[in-house]
Each structure stands twice: as structure tokens, then as C-alpha cells.
Amino acid sequence: MAGNSGNPAQMPVSAVKPAATSSLEQAARALDPQRLNDWGMRLASDFTQYERDRRLAELKWARNARQFLGIYDPDIEVTLDRQRSMAYPKLSRVKCVSMVSRLMNMLFPASDKNWTLQPSPVPNLSEEDLQTVLQALQVDPNQPLEDAVIEIAIHEFAKERARNLETEIEDQLQELGGSRAVDYTQLCRKVLYSGVVYGMGVLKGPFVREQQQRQWTRNAAGMLVPKKVNVYRPHFDFLAIWDYYPDLSAKYRAQMDGQFERMVLSKHQLRALADRPDFLGDVIKKYLQNNPKGNYKRRTWESEIKAMGVQQNVNDQDGRKYEILIWDGYVSGFDLSAAGVDVSPEQVADQVEAQVWMLDGKVIKADFNPWVTLDVDVKVNTYHHFVFEEDESTLLGNGLPNIMRDSQMSVAASTRMLLDNASVTCGPQLEVNRELADADVNQDLTAVRPYKIWYRRGTGADAQMPMVKNIDITSHTDELLKIVGRFEQFADIETFIGPATGGDMQKGPSEPFRTAAGASMLRGDMALPFKDVVRNFDLFTQSVLGSLVAFNRQFNAKKTVQGDAQVIPRGATSLIAKEVRGMTIDSLMQTLSEDEKRYINDYEFLLERLRSRDFDIGNLVCSKAEAQHRDQAAAQQAQDKDAATDELIKAEIRNVLAQAVKNLSQSDKNDAAANATKINTVLDTLEKGAQHVIPDSSGPAAAAGAAPGSAQRDLQQPAGAGAGSAQGPAGLAPAGGAPAPALLQ
């Protein structure tokens, strides 16, 4: 098989692994020239029938292309007056661009992918992998294992392999087009555009592309040294719908006998095929010698497309290019053997899947479909189809321009009427009596335009009219604007792409919905009709990713990606309003109790919160391994911080205790000093008081005869002045001079 990417350096690309089949390595094939020539003529006749069956579809595609570009169809253009408006509002282009943009936003968000891989409910592993699982479980040879434990371990093993394969395919999708120039997203946009405009988009592959990579290995001395190894990478090509010829006699694609592909090559590209071992080089070289000017002839649809663009002045490629026809489908094993292919006796009388290349009715390559020989258990599609809207009348689907064609034509007609009416009412038109004119003026009576002067020949009563008379033409602008608006509404209904869906909120919802959450909810509701389209694309995704799973099963040498994985498309699940989902996740976190939060995976929960807001997780969040490392570092840091906090608390406690002991010691010292002062004061008071109260021992009369004024003066003296120093609240001695009991304590 060959690619059709348009890059001569990569075109065509072999669809089989080098040295994968013995038939491709044969230096010389046992050919039957006569049978081979008859077979090529029959296949060329079949292509003529397929081309005739597709003619009506080509006419519809050409109308869709002109409608997208805003060009009138030839049968309409011939009826239009060149002196009137030729306006063509490109309403179809707006709808198609909005549809493609909306689908790309849904199917390829920045933070997630629209597919995943999961193991089968009952994984089918190789015997080697099963032994690996059993050895990991068998800790005690004498302890039998339960079936449930074994099945759980097998499923976990298959899940890990599916995750590894998913990561491997993600890396492969970044360079599907070769030379790291085209990735999966760019190819899918071409497929989506083709499906939206024409009804079907086709992707072809996977082909096998050999590539050198550098790996590190240890030499005999144990040092790491670089080593170049050959690896096989998948390659896909976008196939234009114009070059695809399916079997339209079938009601469903599964019932097709096969499909033709038309390819136009330059002379040096065709010559390069002659050097490949899987092509009949002698046949190609002989044809180039006999036909140096090529065999390419422009098809009818190519002329129609050329008339739409800027290549009308470009000379035809007739005589400079070569046309190749590729048949991919079922053929007779007997016919295939005529090309020297080793066909078993059982297959000779049977129908087999093959790929046949023809050059002007001559077979230049014929072999089994490589995926049939490589993987006999799985059906691997080489052509992957995206149908925008299924149509029971054809396998090719229905494009968006064809769906809204009547509304588009009505808007164009109403706009022309509006402009024609506005043009003749924008300026005055005058009627002038020709008899009074200075000269004979020829006038055009077939056209009506602004600022035009109509000449009349007034006689009799008409001669009494003014020489110059104004002609009033009624304006119908308002009525025509309503007609244009009504058919625009019809187009919105037919395509389910309204102002809000296209991002124009001025004509969208009312004020309560013009918040972030309200607008997102509205867009989510309006996205519901897109689900059927997205489900159709999910079938396309499943076909493409399924072929990549088969590719890695055959050409990937890594054992860690080999397993039983199934493709799960997730395009239809991404239609929920992201802001509403984000608020739901935040609300869930707030309503969870502390006990419930223990069962939540914090890392995965964070990823889900970012996905709901369409952030690029790869640039914002670290890997899971790095997250685990950071968790361990944070736990160690928290542990160290707790230990430091404990030591600080202990030091503060020791400091407080030491200060308390010091304060107690100082308090005891102060109390002792206070007590000593108090005792000294009491003793001093007693000693001095005794000297004043008892002057001699002449008897009670002498003591009683003391002058009362003198005793009163002693009591009124301030402290430190004679006996008065012993006074105080409890410092008075009772009568008779005995000391107070309180002072002795």
C-alpha cells in the first residue's frame, strides 16, 4: 500500500513490515503475463463502473463546495442579470466552520483525550504472562490459590499492560504523518472538515514506517554507550473524498466487495516504486519507456473544482503525471496466483482479501492484505470512515451544506432582492420630456438603476406635464429583511447551530443565563444534538485506535505493552458543561465528611477538577511518580516540623519551670526578709515601749498618777519618736503595760 500525504519523500509508504512475508522477498515471481493482463483489464472495468455509480455523489459534492465558497451553481448563475446584485451571503461557511470548531473543542480538549484503553472483562493473556502472574501470587508452594484471587491478579496485570500501551499509543499519535510534522489532531481535523462539508471523511492506515532511534546500553566494561536501533512507527494519511471510490451497490459498508483509490504520481515517484521488492519493477519500467508523457487525464469533477478556484489559468497536467488505481478488497485466489503470489490450494478457489495496484490496466503489485496475514484473529481496517450524517440512500453520508441548501439559496435570493430594491431607491430617477430636450438621447429601456433619467415624448395632454418629473419607487427593505431573518432561523433549526452554539451571546439567552455557569449550561443543552455526530466520530476513533492496538501487537518489541486491550471512545461523554461539572465537583468536596475524605484519591480528584475546567494537565500537574515523591517529602517535612515543635515546647516548658522555681525562691527570700524585719520591729517596739511605760517601781499609785496628757502625747507621736514607734493598727499595749499577744506571734 502507499500513502498519499503529498510529500514526495514519504510517498508511498509500505504498509507491511519489511521481511514480514515471504512473498515480498522473492527475487523473481512465477508470473502468468496473460492471466495477469486479463485480470488487470477486469479490475479496470470494475473501476469504470464504480466511477459511474459515484457520479451523482460528485455533483452533490461540487454543489457543497460551491455553497461553502459562496459561488452560484452554473445553472443558477446563467439566470442572473449581470446588471443586478450577485451577492451570495456565505451562511453555509459560517455553519461549517462553527460545526468543525465545536466538534474539535469537544473531541480534543486541552486536558484530556477522547479515548482510553481497558482490558477485556476476561483478559486473554499469553502463557508466559499467565505464568508471571501465578509466580507473583505463589508465595507458599503448599498453599493452593483460589480462582477469585487468580482472576483479580490477571485483571490487574492486564490493566497495567493496557495503561502502558495507552501511553505508547499517545506517543505514536504525535507523529502519525511522519517527520513529526503531522499529529493525530491535525489529521482528524481534515477528516472532520471533509465529513462536515461533503458527508464523509476518510483516513488511511496504519502503514509501517521504519525509523532509527537511539537507546542506551552497557558495554563489556559496564559503561553506558549509545546504540542505534531500528523501530517501526505507524503512519496514517488523509484520503480526499474525491479520490475514494467505494462499492455503492452495497447497502452497508460491511457488505462492500471493496474500494478503489485513485492516486496521481509524478514520474520520479512512479520510478521509485520500480525499485521496491513488492512491486513488479519490470512492468513499471517498460510502461515508463513506452509512455514518457504519462497517462493522467483530468476527470469531470476535477474540471469543476478547477473552475471554482484560482487555477483556471494553470495548464492541465495531462502528459506530465501518472494515474495509479488501487483496489482493496476481495479477489479470486486464482487471479492472485497469476501475480506470482503463493496461494494455498484451499484459497485458489476462494475469495481472499488482497491489494492490487494498477497502472493503465496493468497490474504492478498484487498481494494479500498484509493485516490478514499478520493478524488472522482480528479484523483490521485500512480505510477508516467518519460519516457526518447517515443517509439510507447512500453510503457516503450527507454534508451540512446539502442539509441547509434551501435555506442558503433563499437567503441569497432574498439578499439579492433587498440590494436590488435598495439600489433603485437610494437615488432619484427623473422623467424628462424628450421633445424639450436639446438633443436626441438614446436610452436603455431594459435596466433600472439609481440616478437614471427616463426620456419621454409628450404630445397632447402629456405635453402639459412638467418637463422634469420625479419617479417614486417604493422601498421594501423592512419586508425583505424579515424574509432574510426568517430563512436564517430556518438554517439554525436545520443545522442546530444557533448564535449561542457559535459563540455569539448577543443573540443568545436572556440576562439570567449570561453568567459563566448559565452560559455553560445553555451550551451544554444546545450540544445535545451534537451527540449523534460525536457518536459517529467515536466509531471512527474506535476503528483508528483499534488498528493501532493491532499495529503494536505485531511491530512493537516492548513486552510491557503486550496484552488484551480494548478501545473505549469517550467523545460523547465530554459534552457536559465544564463549568457546571466543576461546580459539582467543588460542591462534592465541601459536602464530604472527614471520614469520607479518607477514601478519596486526592491526586485523581485534583486531575478531575482541572479537566472540568479544560486546563492542560500536562503543563500544570506533575506526574504521578513525582506526586508520590512530593507526598513523601511533605510527610517527612511535616514529621521533622512536628519533632522540632515538640522540642520547642519542651524547651519552653523547661524555661517556664526554671522561672517558676526562681520566682518561688525569690518569694521565699522576700518572705524571710519580711519576717525578719517584722520581728526586729516588734522587738524594738517592745524594748522602747517598756522603758516609757514603767519609769520606776514606786507602786501602782505612781503608775496611775502619770499625767494623762503625757500618755496621750506619747500615743500621738509618729513612728520612731519615743514610745510612739510602737503604735499601729494592732501595736497598742493594753493597760498595765503588758505587750499585745498579736505582736508576739
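## An aromatic cluster

Phe47, Tyr50, Tyr245, Phe260 and Trp327 are joined into a cluster by ring pairs. Rings of Phe, Tyr and Trp (its six-membered ring) pair if their centres lie within 6.5 Å; planes under 30 degrees apart count as stacked, over 60 as edge-to-face and the rest as tilted.

This is a predicted model: local features need pLDDT of at least 70, side-chain atom pairs count only at pLDDT 80 or more, and totals for chains, interfaces and linings use all residues. Residues are numbered from 1 along each chain as its sequence is written, and side-chain values use heavy atoms, without hydrogens and water.

The whole structure holds 21 aromatic pairs. Phe47 and Tyr245 have ring centres 4.9 Å apart and planes at 65°, so they pair edge-to-face. Phe47 sits in helix 1 (residues 33–53) and Tyr245 in strand 4 (residues 244–246), 198 residues apart. Helices (H or I, at least four residues) and strands (E, at least two) are DSSP runs, numbered from the N terminus.

Trp61 and Trp242 are also edge-to-face, because their centres are 5.4 Å apart and their planes at 85°. Trp61 is in helix 2; Trp242 is in the loop between strand 3 (224–239) and strand 4. Both Trp61 and Trp242 are buried (under 20% relative accessible area, with exposed over 50% and partly exposed in between; 1.4 Å probe, protein chains only).

## Around Glu58

Glu58 lies in helix 2 (residues 55–69). Its relative accessibility is 3%, so Glu58 counts as buried. Glu58 touches Glu51, Trp242, Tyr245 and Trp301, not counting residues up to four places away in sequence (contact means heavy atoms within 4.5 Å).
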